[in-house]
Amino acid sequence: MLFDILTLFPNIFDGYLSESLVKSAIDRKLIDVRRYNIRDWSADKHRKVDDSPYGGGPGMVLKVDCVVPCVEDVQVNVANRGRLLMMTPQGRRLDQKFVEELSRERRILLLCGRYEGFDERVSQILQPEEISIGDYILNGGETAAMAIIDAVVRLVPGVLGDEYSSLCDSFSAGNRLLEGPQYTRPRVYRGLKAPEILVGGNHEQIQQWRAEEAVKRTEQRRPDLFQN
Ligand code: 6GU
(Lines give C-alpha, C1' and ligand atoms only; values in the text may rest on other atoms or scores of the structure.)
Protein backbone atom coordinates (compact mmCIF):
# COMPACT_ATOMS: atom_id res chain seq x y z
CA MET A 1 0.00 0.00 0.00
CA LEU A 2 1.25 3.44 -0.94
CA PHE A 3 0.66 6.53 1.22
CA ASP A 4 1.42 9.92 -0.32
CA ILE A 5 1.56 12.71 2.24
CA LEU A 6 1.20 16.27 0.95
CA THR A 7 2.20 18.77 3.62
CA LEU A 8 4.04 22.00 4.35
CA PHE A 9 5.98 20.19 7.09
CA PRO A 10 7.22 16.82 5.80
CA ASN A 11 9.75 16.54 8.64
CA ILE A 12 6.98 16.25 11.24
CA PHE A 13 6.67 12.61 10.14
CA ASP A 14 10.38 11.71 10.60
CA GLY A 15 10.12 10.17 14.05
CA TYR A 16 6.84 8.44 13.39
CA LEU A 17 8.03 6.75 10.21
CA SER A 18 11.33 5.62 11.69
CA GLU A 19 10.09 3.66 14.71
CA SER A 20 8.33 0.47 15.61
CA LEU A 21 5.55 -1.12 13.58
CA VAL A 22 5.46 1.45 10.79
CA LYS A 23 9.22 1.34 10.28
CA SER A 24 9.08 -2.45 10.11
CA ALA A 25 6.20 -2.35 7.61
CA ILE A 26 8.21 0.04 5.41
CA ASP A 27 11.39 -2.06 5.72
CA ARG A 28 9.45 -5.18 4.73
CA LYS A 29 7.94 -3.28 1.77
CA LEU A 30 4.39 -3.92 2.97
CA ILE A 31 3.79 -0.18 2.77
CA ASP A 32 5.55 2.76 1.16
CA VAL A 33 5.24 6.34 2.44
CA ARG A 34 6.20 9.27 0.21
CA ARG A 35 6.21 12.87 1.33
CA TYR A 36 5.73 15.96 -0.80
CA ASN A 37 6.27 19.54 0.33
CA ILE A 38 3.38 21.65 -0.97
CA ARG A 39 5.71 24.65 -0.91
CA ASP A 40 7.64 23.16 -3.83
CA TRP A 41 4.54 23.90 -5.95
CA SER A 42 4.33 27.56 -5.01
CA ALA A 43 4.06 29.71 -8.13
CA ASP A 44 5.51 32.62 -6.18
CA LYS A 45 9.15 33.75 -6.18
CA HIS A 46 9.03 34.04 -2.38
CA ARG A 47 7.67 30.47 -2.13
CA LYS A 48 4.44 31.83 -0.64
CA VAL A 49 1.79 29.17 0.03
CA ASP A 50 -0.84 31.12 1.96
CA ASP A 51 -2.58 34.46 1.87
CA SER A 52 -5.04 36.49 3.96
CA PRO A 53 -8.70 35.55 3.52
CA TYR A 54 -10.94 37.55 1.19
CA GLY A 55 -13.44 39.47 3.29
CA GLY A 56 -10.98 39.77 6.16
CA GLY A 57 -10.68 37.79 9.37
CA PRO A 58 -7.91 36.08 11.28
CA GLY A 59 -5.36 33.63 9.96
CA MET A 60 -4.20 32.65 6.54
CA VAL A 61 -5.69 30.48 3.81
CA LEU A 62 -3.75 27.92 1.78
CA LYS A 63 -3.58 29.02 -1.83
CA VAL A 64 -5.50 27.02 -4.41
CA ASP A 65 -2.83 27.65 -7.06
CA CYS A 66 -0.19 25.68 -5.19
CA VAL A 67 -2.30 22.96 -3.56
CA VAL A 68 -4.10 21.91 -6.76
CA PRO A 69 -0.97 21.59 -8.96
CA CYS A 70 0.79 19.71 -6.14
CA VAL A 71 -1.98 17.10 -5.85
CA GLU A 72 -2.31 16.80 -9.63
CA ASP A 73 1.41 16.24 -10.08
CA VAL A 74 1.55 13.62 -7.34
CA GLN A 75 -1.44 11.85 -8.86
CA VAL A 76 -0.01 11.63 -12.39
CA ASN A 77 3.24 10.06 -11.24
CA VAL A 78 1.70 6.65 -10.69
CA ALA A 79 -0.87 4.76 -12.75
CA ASN A 80 -3.30 4.45 -9.84
CA ARG A 81 -4.61 7.91 -8.89
CA GLY A 82 -5.47 6.70 -5.41
CA ARG A 83 -7.98 7.82 -2.84
CA LEU A 84 -7.60 11.50 -1.99
CA LEU A 85 -8.25 12.41 1.65
CA MET A 86 -8.20 16.02 2.85
CA MET A 87 -7.52 16.57 6.56
CA THR A 88 -9.99 19.10 7.93
CA PRO A 89 -12.04 19.50 11.12
CA GLN A 90 -15.04 20.07 8.82
CA GLY A 91 -14.71 16.57 7.38
CA ARG A 92 -16.43 13.25 7.93
CA ARG A 93 -15.48 11.79 11.27
CA LEU A 94 -13.00 8.91 11.04
CA ASP A 95 -14.19 5.58 12.43
CA GLN A 96 -13.01 1.96 12.31
CA LYS A 97 -15.44 1.10 9.51
CA PHE A 98 -13.87 3.75 7.28
CA VAL A 99 -10.38 2.61 8.36
CA GLU A 100 -11.27 -0.95 7.26
CA GLU A 101 -12.43 0.38 3.92
CA LEU A 102 -9.18 2.33 3.49
CA SER A 103 -7.09 -0.73 4.34
CA ARG A 104 -8.34 -2.33 1.10
CA GLU A 105 -7.00 0.54 -1.06
CA ARG A 106 -3.76 0.32 -3.01
CA ARG A 107 -2.98 4.00 -2.69
CA ILE A 108 -4.05 6.78 -0.30
CA LEU A 109 -3.18 10.47 -0.62
CA LEU A 110 -3.28 12.52 2.58
CA LEU A 111 -3.57 16.25 2.02
CA CYS A 112 -2.59 18.18 5.16
CA GLY A 113 -3.48 21.81 5.78
CA ARG A 114 -2.24 24.40 8.25
CA TYR A 115 -3.47 27.91 9.14
CA GLU A 116 -7.20 28.56 8.77
CA GLY A 117 -7.63 25.98 6.05
CA PHE A 118 -7.77 25.50 2.30
CA ASP A 119 -9.25 27.82 -0.29
CA GLU A 120 -12.69 26.29 -0.97
CA ARG A 121 -11.82 25.85 -4.64
CA VAL A 122 -9.34 23.10 -3.68
CA SER A 123 -12.37 20.98 -2.72
CA GLN A 124 -14.39 22.09 -5.74
CA ILE A 125 -11.64 21.12 -8.16
CA LEU A 126 -10.15 18.00 -6.57
CA GLN A 127 -13.28 16.68 -4.83
CA PRO A 128 -11.33 14.99 -2.05
CA GLU A 129 -12.95 13.08 0.79
CA GLU A 130 -12.75 15.51 3.72
CA ILE A 131 -11.83 13.70 6.94
CA SER A 132 -11.78 14.81 10.59
CA ILE A 133 -10.40 12.74 13.45
CA GLY A 134 -12.62 14.29 16.12
CA ASP A 135 -14.37 17.36 17.41
CA TYR A 136 -11.38 19.50 18.37
CA ILE A 137 -9.05 21.74 16.40
CA LEU A 138 -5.50 20.66 15.62
CA ASN A 139 -2.79 23.05 14.47
CA GLY A 140 -2.61 21.12 11.24
CA GLY A 141 -3.63 17.98 9.44
CA GLU A 142 -0.29 16.20 9.97
CA THR A 143 -1.18 14.51 13.25
CA ALA A 144 -4.54 13.51 11.76
CA ALA A 145 -2.72 11.97 8.78
CA MET A 146 -0.51 10.02 11.20
CA ALA A 147 -3.61 8.80 13.03
CA ILE A 148 -5.09 7.55 9.77
CA ILE A 149 -1.89 5.81 8.69
CA ASP A 150 -1.52 4.30 12.16
CA ALA A 151 -5.05 2.90 12.13
CA VAL A 152 -4.85 1.63 8.54
CA VAL A 153 -1.43 -0.09 8.64
CA ARG A 154 -2.59 -2.36 11.46
CA LEU A 155 -5.05 -3.89 9.02
CA VAL A 156 -2.61 -4.36 6.14
CA PRO A 157 -1.95 -8.11 5.90
CA GLY A 158 1.42 -9.07 7.39
CA VAL A 159 1.99 -5.82 9.31
CA LEU A 160 1.05 -7.24 12.71
CA GLY A 161 3.09 -10.22 13.82
CA ASP A 162 0.00 -12.05 14.94
CA GLU A 163 -2.69 -11.38 12.32
CA TYR A 164 -5.36 -12.38 14.75
CA SER A 165 -4.59 -9.52 17.11
CA SER A 166 -6.20 -6.82 14.96
CA LEU A 167 -9.33 -8.93 14.54
CA CYS A 168 -9.69 -9.00 18.32
CA ASP A 169 -9.37 -5.22 18.66
CA SER A 170 -12.21 -3.13 19.94
CA PHE A 171 -14.30 -1.85 17.03
CA SER A 172 -12.98 -4.27 14.45
CA ALA A 173 -14.79 -6.99 12.49
CA GLY A 174 -18.13 -6.33 14.10
CA ASN A 175 -16.73 -5.91 17.61
CA ARG A 176 -18.23 -2.66 18.89
CA LEU A 177 -17.23 -3.15 22.52
CA LEU A 178 -14.37 -1.62 24.47
CA GLU A 179 -11.72 -4.03 25.61
CA GLY A 180 -11.74 -5.16 29.23
CA PRO A 181 -8.80 -4.95 31.65
CA GLN A 182 -5.49 -6.77 31.04
CA TYR A 183 -2.85 -7.88 33.54
CA THR A 184 0.65 -9.26 33.53
CA ARG A 185 3.32 -10.08 36.11
CA PRO A 186 3.70 -9.50 39.04
CA ARG A 187 0.66 -11.25 40.48
CA VAL A 188 0.47 -8.73 43.32
CA TYR A 189 1.65 -5.12 43.18
CA ARG A 190 1.16 -2.66 46.05
CA GLY A 191 -1.50 -4.97 47.37
CA LEU A 192 -3.43 -5.09 44.10
CA LYS A 193 -3.95 -8.64 42.83
CA ALA A 194 -4.43 -9.76 39.24
CA PRO A 195 -7.79 -11.59 39.06
CA GLU A 196 -7.46 -15.27 40.05
CA ILE A 197 -9.50 -16.39 37.07
CA LEU A 198 -6.82 -15.20 34.62
CA VAL A 199 -4.10 -17.32 36.18
CA GLY A 200 -6.28 -20.38 36.65
CA GLY A 201 -5.73 -21.67 33.12
CA ASN A 202 -9.41 -22.37 32.35
CA HIS A 203 -9.72 -20.81 28.92
CA GLU A 204 -13.48 -21.07 28.67
CA GLN A 205 -13.88 -19.27 32.00
CA ILE A 206 -11.33 -16.67 30.97
CA GLN A 207 -13.15 -15.94 27.71
CA GLN A 208 -16.43 -15.66 29.55
CA TRP A 209 -14.92 -13.29 32.13
CA ARG A 210 -13.37 -11.11 29.44
CA ALA A 211 -16.62 -10.87 27.50
CA GLU A 212 -18.45 -9.77 30.66
CA GLU A 213 -15.80 -7.21 31.53
CA ALA A 214 -15.94 -5.80 27.98
CA VAL A 215 -19.70 -5.35 28.24
CA LYS A 216 -19.45 -3.80 31.73
CA ARG A 217 -16.77 -1.36 30.67
CA THR A 218 -18.59 -0.33 27.52
CA GLU A 219 -21.81 0.28 29.44
CA GLN A 220 -20.00 2.40 32.05
CA ARG A 221 -17.68 4.38 29.82
CA ARG A 222 -19.42 4.56 26.46
CA PRO A 223 -23.18 4.44 26.85
CA ASP A 224 -23.43 5.73 23.27
CA LEU A 225 -21.72 2.57 21.98
CA PHE A 226 -23.61 0.37 24.38
CA GLN A 227 -26.94 1.42 22.83
CA ASN A 228 -25.99 -0.54 19.73
CL1 6GU B 1 -8.12 16.42 10.06
N2 6GU B 1 -7.38 18.79 10.95
C3 6GU B 1 -7.37 19.77 11.86
N4 6GU B 1 -6.67 20.87 11.62
N5 6GU B 1 -8.03 19.70 13.00
C6 6GU B 1 -8.71 18.57 13.24
C7 6GU B 1 -8.76 17.52 12.34
C8 6GU B 1 -8.08 17.66 11.17
N9 6GU B 1 -9.53 16.56 12.85
C10 6GU B 1 -9.92 17.01 14.03
N11 6GU B 1 -9.44 18.23 14.27
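1. Helices (H or I, at least four residues) and strands (E, at least two) are taken here as DSSP runs, numbered from the N terminus. The model is a predicted one, in which local features need pLDDT of at least 70 and side-chain atom pairs count only at pLDDT 80 or more, whereas totals for chains, interfaces and linings use all residues. Residues are numbered from 1 along each chain as its sequence is written, and side-chain values use heavy atoms, with hydrogens and water left out.

2. Which polar atoms lie 3.4 Å, 3.0 Å and 3.1 Å from a nitrogen atom of the ligand? At 3.4 Å there is a polar side-chain atom of S132, at 3.0 Å a polar backbone atom of I133, and at 3.1 Å a backbone N or O atom of L138. The ligand taken alone exposes 290 Å², of which the protein buries 95%; these areas come from the Shrake-Rupley method with a 1.4 Å probe.

3. S132 deserves a separate remark. This residue lies in strand β7 and counts as buried because its relative accessibility is 3%, buried meaning under 20% relative accessible area (1.4 Å probe, protein chains only). Not counting residues up to four places away in sequence, S132 touches T88, P89, G91, R92, R93 and L94, contact being heavy atoms within 4.5 Å.

4. As for the interior, a nonpolar core is a set of buried Ala, Val, Leu, Ile, Met, Phe, Trp, Tyr and Cys residues joined through side-chain atoms within 4.5 Å. The largest has 31 residues, and those with the most contacts inside it are F3, I31, L85, M87, L110 and I148. At least two of its residues come from each of β1 (2-7), α1 (14-17), α2 (20-27), β5 (83-93), α4 (96-102), β6 (107-111) and α6 (142-153), with the largest share, 8 residues, supplied by α6.

5. Leaving aside neighbours within four places in sequence, L85 is in contact with F98, L102, I108, L109, L110, L111, E129, I131 and I148.

Note on methods: Buried means under 20% relative accessible area, exposed over 50%, partly exposed in between (1.4 Å probe, protein chains only). A polar contact is a pair of N or O atoms within 3.5 Å; within protein, one must be able to donate a hydrogen and the other to accept it, and residues adjacent in sequence count only if both atoms are side-chain atoms.
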